[in-house]
Amino acid sequence: MLGLLPRSVLALGLVGLGLFACSSDDATPAPAGDALKDAQPVVDTYAKNVYQNYSDTLDGAKKLQAAVKAFTDAPSEATHQAAKDAWVAARKPYGSSEAYRFYNGPIDDDNPQSPGPEADINSWPLDENYIDYVKDDPSTGLINDSTFAISKETIQKANTATGEASISDGYHAIEFLLWGQDTDEPSMKTAGHRAFTDYTTAPNADRRKLYLVTVTDLLVEDLQKVTDAWTPDQ
């Protein structure tokens with residue numbers, strides 16, 4: 001495994017080893033030699049920690065998926081709130097996983113043939129009117145565009161199609177679909193006030209349901225790929 005991980009990953013562990021070596025009372029320099037000779041235990045522990053973090057993140061996303069399905073199957077204030085609570089719980093472990101970015105690992109590999117899914121998982125900020133209606137435009141967004149066929153493929157293709165803020169999927173797209181547009185003053189520190197009736201009697205309610213379910217399924221699939229990539233001994 002040591003030869004397969006990026007050297008930047010090894011560096012994280014070696015920094016710890018170096019700090020330990022320099023913490024002795026006599027501050028004796030570490031003997032010269034192979035800097036990676038004792039790195040394997042550090043690398044193994046690091047990889048296990050990453051896998052556990054992504055496993056926790058995936059578990060949270062699956063619980064969100066179940067809550068979204070329950071909400072769209074039977075929209076109500078209670079199922080809507082349960083879905084929002086599940087989003088908050090699912091988001092927490094992903095925040096910790098941000099530490100495993102920025103070295104072309106499985107989450108953000110910049111290989112154009114097989115790019116990492118980070119852009120589909122966590123892109124931000126998003127133009128809310130790219131996905132659904134907003135206060136001053138009730139007919140905007142992919143959901144209200146009857147020519148847009150909602151599917152995993154079309155939603156992924158639409159992500160950043162017209163610019164960095166034209167976000168169509170990921171945590172923040174789901175967040176907007178659950179909470180809606182926040183029109184309060186920033187000083188109020190509130191969230192949006194989307195009503196569950198957006199998924200029952202509002203225009204394009206069925207398309208909104210389909211979009212929410214589909215984008216949540218995509219999130220689970222993307223996180224599954226990243227978690228699988230860190231499976232021990234792979």
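The legends below describe several close-up views of a predicted model. Residues are numbered from 1 along each chain as its sequence is written, and side-chain values use heavy atoms, with hydrogens and water left out. Because the model is predicted, local features need pLDDT of at least 70 and side-chain atom pairs count only at pLDDT 80 or more, while totals for chains, interfaces and linings use all residues.

**View 1. Helix 2 packs with helix 3.** Helix 2 (residues 40–73) and helix 3 (residues 77–97) pack at an angle of about 165°, and their axes lie 8 Å apart; helices here are DSSP runs of H or I with at least four residues, numbered from the N terminus. Axes are lines fitted to C-alpha atoms over the stretch in contact, and angles run from 0 to 180 degrees between N-to-C directions. The two helices are therefore roughly antiparallel, a term used for angles over 145 degrees. Contact means heavy atoms within 4.5 Å, and the residues that meet include Gly60, Ala61 and Leu64 in helix 2 and Ala83, Ala86 and Trp87 in helix 3. By class, this contact has 14 nonpolar, 7 polar and 2 charged residues, where Ala, Val, Leu, Ile, Met, Phe, Trp, Tyr, Cys and Pro count as nonpolar, Asp, Glu, Lys and Arg as charged, and the others, Gly among them, as polar.

**View 2. Helix 6 is mostly covered.** Of the 9 residues in helix 6 (residues 171–179), 8 are buried, which means under 20% relative accessible area, whereas exposed means over 50% and partly exposed in between (1.4 Å probe, protein chains only). Among the buried residues are Tyr171, Phe176 and Trp179, and the buried residues of this helix pack against helix 2, helix 3, helix 4 (118–122) and helix 7 (205–229). Helix 6 is followed by Gly180, whose phi is positive, near 80°.

**View 3. Asp59 and Gln224 are 165 residues apart along the chain.** Asp59 belongs to helix 2 and is partly exposed, with a relative accessible area of 39%. The C-alpha atoms of Asp59 and Gln224 are separated by 9.5 Å.

**View 4. A cis peptide bond joins Trp124 and Pro125.** The omega angle of this bond is about 0°, and Pro125 has its place in the loop between helix 4 and helix 5 (152–158).

**View 5. Asn104 has a positive phi.** Although Asn104 is a residue other than glycine, its phi is near 55°. Asn104 is found in the loop between helix 3 and helix 4, and it is partly exposed, with a relative accessible area of 41%.

Technical notes
Angles under 35 degrees count as roughly parallel, over 145 as roughly antiparallel, 65 to 115 as roughly perpendicular and the rest as oblique.
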